[in-house]
Amino acid sequence: MNLEGLAELFLYSASMWWAIIPAVLIGILMGAIPGFAAHNTIIMLLPLTLAVDVDIALTFMVALYCASHLGGGIPAILLNIPGTGGAAATTLDGYPMSQQGKASKALALSFVASIMAGLITSAVTLFMLQYLSQVGFYIRSVEMVVVMLFGLALIAAIAAKDMIKGLIAGALGLMLGAMGADHIYATPRGTFGFLELFDGVPLVPALIGLFAISEALIMLESRTIAATASSRVMPTWVETLREILGAFKHWFLMVWASLLGLVIGVMPGAGASIAAFVAYQQARVFSKTPEKFGTGHEQGVVAPEAANNGVTTGTLVPLLAIGVPGGSTAAVMMVVLQFHGVPFGPRLFVQDPILAYGVIMSMFVAYVFMLVTLFPLTRYLSRITVVANYYMAPMIVAFTLVGAFVPRNFMADLTIAVAFGIIGYVARKTGYNVAAILIGVILGPLLERSFLLSMRISGGDPMVFFSSTIGNILWVLLAATLLATPSITLLRKLRRKGDIY
Amino acid sequence: MSDDKSPDRKQVGSDLIIPVAGICYAIYYVYSVWEFPAEAQRSGFFLAGLLLTLCLLLFARIAVQMAQGRVDWEFTALLGPSEGRLRRLGFVALIAAYLLTVRTLGFTLTTFSFLFIGSMLAGLQSVRRAAVFAATAAIAGWLFFIVLLGTRFPLGPFEALVAQLVSLWK
């Protein structure tokens, strides 16, 4: 598509501002409430999206989707509760910043990184769509197994202070994620006889329990989130502007992390959570001050937020290019496209190229509209951290439990959320990373499916996992990730003893 | 007397809860797939084996630290600071009560009761402020989740009363 065509498409997408603005507002609000992720919200609004023309419906859904990823970072920073799985990595440095009374700065970093990442990746995708779509073809079940194990090992190595505890948390998550009917014979496993667990562990109650309920229980131990001494957190307009402009000094990290997110997003199933942790690790590796990560470091907020917004564009690429949805929101969009009789994959580009490129352009326009939300969100939202915990903790539990109920309308999901809340509380108190447990629960079923598929293809030969070049490279990276921390510790010990220089 | 406050000594005890619970679940999981055909057992065995190996590594590390006398046993860290511990346990009991009553009382009344008692348990001193806070949040939650979003959360006497009033008004 040439520049003139893109300009025309931009104006056409911008003319749908009346659909984009409410979608952005709903998306930010819903993204900030754990459980009301983009796909749930779109499902709730499905009758509305089916009633209007397909281009309006897609614009609305895409804007809502992008905004929900931006919104997911808000509770991650302010309350240590990621609104979406992709924001789990943001808690690592975002929440410590809030505790230090720098909530508005953390929000400014998060919003600028999210919006910049969205603008960059949607612009890149518009030009590279046909090439990016090829990435998905190289990732088969064998590579997916290694990608997921690599992602989990990375999370364990990064997020947890104690690597072995991080790995145990991840493995426990995988084990819990493998609960439910098996993929071949549909016979229930490890469900304790509960019918509600037949389909596996529901993700939203797990997320709400691990993060929201456990955090609420821990909140009761202190009066407010921000330290009393640093509770003057409402910045002036000038300070807000300075914080927003200050965020741009991380422009290189934003570009790098967003492109990383885009590429990871293109791989079906990899998702925002892995992308955010990979970006976090990359930022730490190349940082001049890696020791500050985890203590409220600016780069620790920028990298995951840029990456998870880069993923939003990436997950739509396989849907548009090859007709395979890259994530749950893309799957819901696929339903709407199907309802309107729109073809997928290469046929979409032949029959309706305006619609195909229009989806990405709508994303670009939605991020432009989001720029206007920067100021009020950054300035006012940070006040949450000085609200007394005797208000916050009961409210978090009461309202997130509604979120746990929404996706399946099962009352049992409330009990599951509370059970995960207790697991999360014990894990937090004893140094097991809850993000690693959650990512394990998310990846468990996907890992199992890819594992079984690979084993079936190979006739039960486990060597199949070492049969591809991409897979082998990832195995090496996995081994390097696992060995890096103990090796560095050993080297430091030897250096301290004076054995090496 | 041992030096309990030494920074080199590790507090161990409550951090064994997660691995022990994990091992118990892994054993139960393997038991649940024991009768399955070999093909369907593989992933379960793989995941259970992975978890078991990692837990054994942790136990081995603790055993070495114990042998070196660098370990202190404790279980109190799990419950947080002793101040307000009873109130926090009361809050957990309140969550359990919420789960038991929400089907009968419905969203609004259960949320009101939960927020009212919960905020008092969490340290709010004024009964009037707790009541105003609980009523405002419960009504706002009802308007947002039930009226606006139309979630199918259980309805109770409050929602029935509102529905009746609306039908009378119409």
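## A tour of chains A and B

Select Ala23(A) first: leaving aside residues up to four places away in sequence, Ala23(A) touches Phe60(A), Ala63(A), Leu64(A) and Ala67(A), a contact being heavy atoms within 4.5 Å. The model is predicted, so local features need pLDDT of at least 70 and side-chain atom pairs count only at pLDDT 80 or more, while totals for chains, interfaces and linings use all residues. Residues are numbered from 1 along each chain as its sequence is written, chains are lettered from A and ligands numbered from 1 in the order in which they are written, and side-chain values use heavy atoms, with hydrogens and water left out.

Ala23(A) lies in helix α2 (residues 17–32) of chain A. Helices (H or I, at least four residues) and strands (E, at least two) are DSSP runs, numbered from the N terminus. With 0% relative accessibility, Ala23(A) is buried; buried means under 20% relative accessible area, exposed over 50%, and partly exposed in between (1.4 Å probe, protein chains only).

Over all chains, the whole structure holds eight salt bridges, each defined as a side-chain nitrogen of Lys or Arg within 4 Å of a carboxyl oxygen of Asp or Glu.

Select Lys105(A) and Glu298(A), a salt bridge whose closest N and O atoms are 2.9 Å apart. This pair joins distant parts of the chain, 193 residues apart: Lys105(A) is in helix α7 (residues 103–132) of chain A, and Glu298(A) is in the loop between α14 (271–286) and α15 (299–322) of chain A. Lys105(A) is partly exposed at 31% relative accessibility, whereas Glu298(A) is buried at 15%.

Next, select Arg189(A) and Glu448(A), where the closest N and O atoms of the salt bridge are 2.3 Å apart. Here too distant parts of the chain are linked, 259 residues apart, with Arg189(A) in strand β2 (residues 188–189) of chain A and Glu448(A) in helix α22 (residues 434–457) of chain A. Both Arg189(A) and Glu448(A) are buried.

Then go to Asp413(A), which forms a salt bridge with Arg408(A) at 2.7 Å between the closest N and O atoms. Asp413(A) is buried, at 1% relative accessible area, and Arg408(A) is partly exposed, at 22%.

**Chain B**

Switch to chain B and colour by secondary structure: there are five helices and two strands, in the order β-α-α-β-α-α-α along the sequence. The C-alpha trace of chain B spans about 75 × 55 × 20 Å along its principal axes. Of its 170 residues, 39% count as buried.

Select helix α3 (residues 85–121) and helix α5 (residues 157–169) of chain B, which pack at an angle of about 75° with their axes 6 Å apart. Axes are lines fitted to C-alpha atoms, for helices over the stretch in contact, and angles run from 0 to 180 degrees between N-to-C directions. Thr104(B), Leu105(B), Gly106(B), Phe107(B), Thr108(B) and Leu109(B) of α3(B) meet Pro157(B), Phe158(B) and Glu159(B) of α5(B).
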